[in-house]
Amino acid sequence: MLTSMLAFRERFHALHDNVEQFVRGKPEAVRLALTCMFAEGHLLIEDVPGVAKTSLAKALAGSVGGDFQRIQFTPDLLPSDVTGVEVFNPKTLEFQFRKGPVFANVLLGDEINRASPKTQSALLQVMAEQTVTVGLKTYAAPRPFFCVATQNSVEHQGTYPLPEAQLDRFLMRTSIGYPAPDVEKEVVALGIARKAPDPSMSIMSIDEVEQMIAIARTVDVSDQLSEYVVNIVSATREDAALLRGASPRGSIALATAAQVVAASHGRAYATPDDVKSVAEPVLAHRIQLTHQARMEGRTAASVIEEILRDGRRVPVPRAG
């Protein structure tokens, strides 16, 4: 049984190395995915097709065991295809609930923005509350529950932009990016040889995942650091370049992600650097730029970076 921060660090890096075997040359994307999972959040991976978005999700799910389900989102997918449906049993003269794929420890929602907004909304309750209501009954999802969704960039044909309420359910949004030439050369060689990596060997049980989640929760977040987190999020609501800032859910997400970063380094306390290391993937998808800011070439990530750099606007707490 895992009981210490050092054990957390050891298992975190072992899992990181295992996943990176299947998503080569992208250690930062893997680190963020693991951080999100152990913070009990959900991960949105947005990028162009063909850069291993689905491979990252499958490698992560295969590495931690537990119940894994995959949903391929399409325009004709129905909400009941996600949550499940009540079916009438003529023998008992009663309706029986048949669970949908959402009842899993790790759920992969592939190309989530190809489904209609109605179907996308089928994930709202389970992502926020780990429960699903069908008819007059509410059912609990397995614990832990981790949703990894992939989406193509919104400018691609056949996509429906995720609404703000859906985006806010994701603790982080990240991207994979194109591989470096030497890595891509290796990927091409494997493709020519028709050799696909098999990320189905688990190196960690779902019980260990729960233990690591519990350890991360014990990481100390001081009053000064909590104030720093709140100040960062508050600054997004006051920035002239933004139409909408992050909500208090963003503050909670930033603090819990920082706890996992600290634990991954074997520390029992979080620092401002831990917060900074996850601020962009936690907050960038929760804010909306003004038209003028977009015309000037600014991005959500650059605005977050400017806020973090402005020590007068958001003072960094001193050690001790």
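Trainee: What is the mean pLDDT of the chain here?
Mentor: The mean is 88. Of the residues, 95% reach 70 or more. Keep in mind that this is a predicted model.

Trainee: Which helix has the lowest mean pLDDT, and which the highest?
Mentor: Helix H8, residues 181–192, is lowest among the elements, at 80. Helix H11, residues 248–264, is highest, at 96.

Trainee: What should I do where pLDDT is low?
Mentor: Predicted coordinates should not be read in detail there.

Trainee: New topic. How many salt bridges are there?
Mentor: The count comes to 13. One of them joins the side chains of Glu164 and Arg244, at 3.7 Å from N to O.

Trainee: Where do Glu164 and Arg244 sit?
Mentor: Glu164 is in helix H7, residues 164–167. Arg244 is in strand S10, residues 242–244.

Trainee: How accessible is Glu164? And Arg244?
Mentor: Glu164 has 45% relative accessibility, so it counts as partly exposed. Arg244 is partly exposed as well, at 26%.

Trainee: Which residue does Asp239 form a salt bridge with?
Mentor: Its partner is Arg313. Their closest N and O atoms are 3.0 Å apart. This pair also links distant parts of the chain, 74 residues apart. Asp239 is in the loop between helix H10 (223–238) and S10. Arg313 is in the segment after helix H14 (300–309).

Trainee: Is Asp239 buried or exposed?
Mentor: Buried. Its relative accessible area is 8%, and the cut-off for buried is under 20%.

Trainee: And what about Arg313?
Mentor: Arg313 is partly exposed, with 34% relative accessibility.

Trainee: Back to helix H14. Which side chains meet in a salt bridge at 3.1 Å?
Mentor: Arg309 and Glu305, with that distance taken from N to O. Both residues are in helix H14. They are four residues apart, so about one helical turn separates them.

Trainee: Where does Arg309 fall, buried or exposed?
Mentor: Arg309 is exposed, with a relative accessible area of 57%. Glu305 is partly exposed, at 44%.

Trainee: Last one. Which residues do salt bridges with shared partners join into one network?
Mentor: Glu40, Arg143 and Arg217.

Conventions:
Residues numbered from 1 in each chain as written. Heavy atoms only, no water. Salt bridge = Lys/Arg side-chain N within 4 Å of Asp/Glu carboxyl O. Helix = DSSP H or I, 4+ residues; strand = E, 2+ residues; numbered from the N terminus. Buried < 20%, exposed > 50% of the residue type's maximum accessible area, 1.4 Å probe, protein only. pLDDT = per-residue confidence, 0-100.
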